[in-house]
Amino acid sequence: MTDAGLRLSIVIPTKDRPRLLRAVVGSALAALPERAEVLVVDDRSAPPAADSLPADPRLRVTVSEAPPGASGARNWGVSQAQGARILFLDDDDLLLPGYAEWVLDQRADYGFSAIATFSGLDTPAMAAFSPAQATPVIDVRPFRRQVAGLGCGFWIDRAAFLATGGIAEDIRVNEDTEFSIRLLRAGLAGLRQPTPGVMVRQHGGAAGERGHLTQAARAAERAGYFGLILSRHADWLATRPDAAKHLLQRQLKLLAQARDATGARAALASPLARPHRLTLWLYHRAEVLSARLRRA
């Protein structure tokens, strides 16, 4: 689908957020460079997302034919994009002026930025993007800062995205963590921009707008996804014990919230946990106590 004349596609997956979608599309069109497009991927919204959007020759809407969910919508968007580079934008966030231009100037396979946060459904005033010196992802530590949040101004060359197989559609939450590991495994050149490229909206889905998926997912479900990531990338994680420890901590925290002692014992008994077993056991006990206090 790539059009040799387009340098960038800003891909916005959406589901049942008509008011917020209008705001993010407006920010993307206002910041759109030359030879670029905004591509909205409608993940089966009701009413259709196109009904909420203005007519603009730089804007296209496609209805996802991938499995439902943000991962499928993003994959479908990349398959339909006409730009050589992809910039993902969530349907409840805002793109800062100047960030897309900076993305196009970078000589790397992918990258992401810091974020600024704001609350509510109204659109705030936005300052222009003010870049600082980006750091190669391979040099960033700890591991959690190497994770390329897909809602954090994430961009990637379309060819690199397709070569890595796209985003896992069987992981509904924290799919960006799994995708980041595949980017690191592939040895792709990434950049971490320390200043915000996007404004991330904090909201609870008021006024008929759909809420955050992470908030809706149960702790047991999210723990299961971390278990899947740990299993799927066990060989690579064995070479990165810092990453394995971080992921196990995330899993154990969620297992504590879910009161799943059996799952926690299995995680602590895994080969990846062995170098950190005592530390992880103490961490889990502290999370169990914390969860009990919150429920009291």
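Pro 142 sits in the loop that runs between β7 (135-136) and β8 (155-157). The model is predicted. Its chain has 11 helices and nine strands. A search of the whole structure finds 14 salt bridges.

**Overall form**

- The chain has 296 residues, and a compact globule of that length would have a radius of gyration near 19 Å. The chain has 20 Å, which agrees.
- Along the principal axes, the C-alpha atoms fill a box of roughly 60 × 40 × 35 Å.
- Of the 296 residues, 52% count as buried.

**Backbone features**

- Most residues other than glycine have a negative phi, and most peptide bonds are trans.
- A cis peptide bond also joins Ala 46 and Pro 47, with omega about 0 degrees. Pro 47 is placed in the loop between β2 (36-42) and β3 (59-63).
- Asp 16 has a positive phi, near 55 degrees. Asp 16 belongs to the loop between β1 (8-14) and α1 (18-30). Its relative accessible area is 23%, so Asp 16 is partly exposed.
- Asn 174 has a positive phi as well, near 65 degrees. The loop between α4 (158-163) and α5 (175-185) holds Asn 174. Asn 174 counts as buried because its relative accessibility is 13%, and the cut-off for buried is under 20%.

**Salt bridges**

- Asp 92 forms a salt bridge with Arg 17, and their closest N and O atoms are 3.3 Å apart. Asp 92 lies in the loop between β4 (85-88) and β5 (94-95), and Arg 17 in the loop between β1 and α1, so the pair ties together parts that are 75 residues apart in sequence. Both Asp 92 and Arg 17 are buried.
- Arg 17 and Asp 92 are also linked with Asp 91 in a network of salt bridges.
- Arg 19 and Asp 122 meet through their side chains in a salt bridge of 2.9 Å, N to O. Arg 19 is in helix α1 and Asp 122 in the loop between β6 (110-119) and β7, so this pair ties together parts that are 103 residues apart in sequence. Arg 19 is partly exposed, with a relative accessible area of 34%. Asp 122 is exposed, at 57%.
- Asp 235 forms a salt bridge with Arg 185, with the closest N and O atoms 2.8 Å apart. The pair links distant parts of the chain, 50 residues apart: Asp 235 is in helix α8 (residues 234-237) and Arg 185 in helix α5. Asp 235 is partly exposed, with a relative accessible area of 49%. Arg 185 is partly exposed, at 37%.

**Positive patch and helix α11**

- A patch of positive charge lies on the surface, where Lys 253, Arg 259, Arg 285, Arg 292, Arg 294 and Arg 295 gather.
- Helix α11 (residues 277-295) gives the largest share of the patch, four residues.
- Lys 253 comes from helix α9 (residues 241-257). Its relative accessibility is 34%, so Lys 253 counts as partly exposed.
- Trp 281 is found in helix α11. At 43% relative accessibility, Trp 281 counts as partly exposed.
- Trp 281 and Gln 249 are 32 residues apart in sequence, and their C-alpha atoms are 9.5 Å apart in space.

Methods
Residues numbered from 1 in each chain as written. Predicted model: local features only at pLDDT ≥ 70, side-chain atom pairs only at ≥ 80, totals over all residues. Heavy atoms only, no water. Patch = residues over 30% accessible without salt bridge, like charges linked within 9 Å, V, L, I, M, F, W, Y side chains within 5 Å. Areas by Shrake-Rupley, 256 points an atom, 1.4 Å probe, with all protein chains shown as cover. Salt bridge = Lys/Arg side-chain N within 4 Å of Asp/Glu carboxyl O. Lys, Arg positive; Asp, Glu negative; His and termini not counted. Charge placed at Lys NZ, Arg CZ, Asp CG, Glu CD. Helix = DSSP H or I, 4+ residues; strand = E, 2+ residues; numbered from the N terminus. Buried < 20%, exposed > 50% of the residue type's maximum accessible area, 1.4 Å probe, protein only. Rg over C-alpha atoms; globule rule 2.2 N^0.38 Å.
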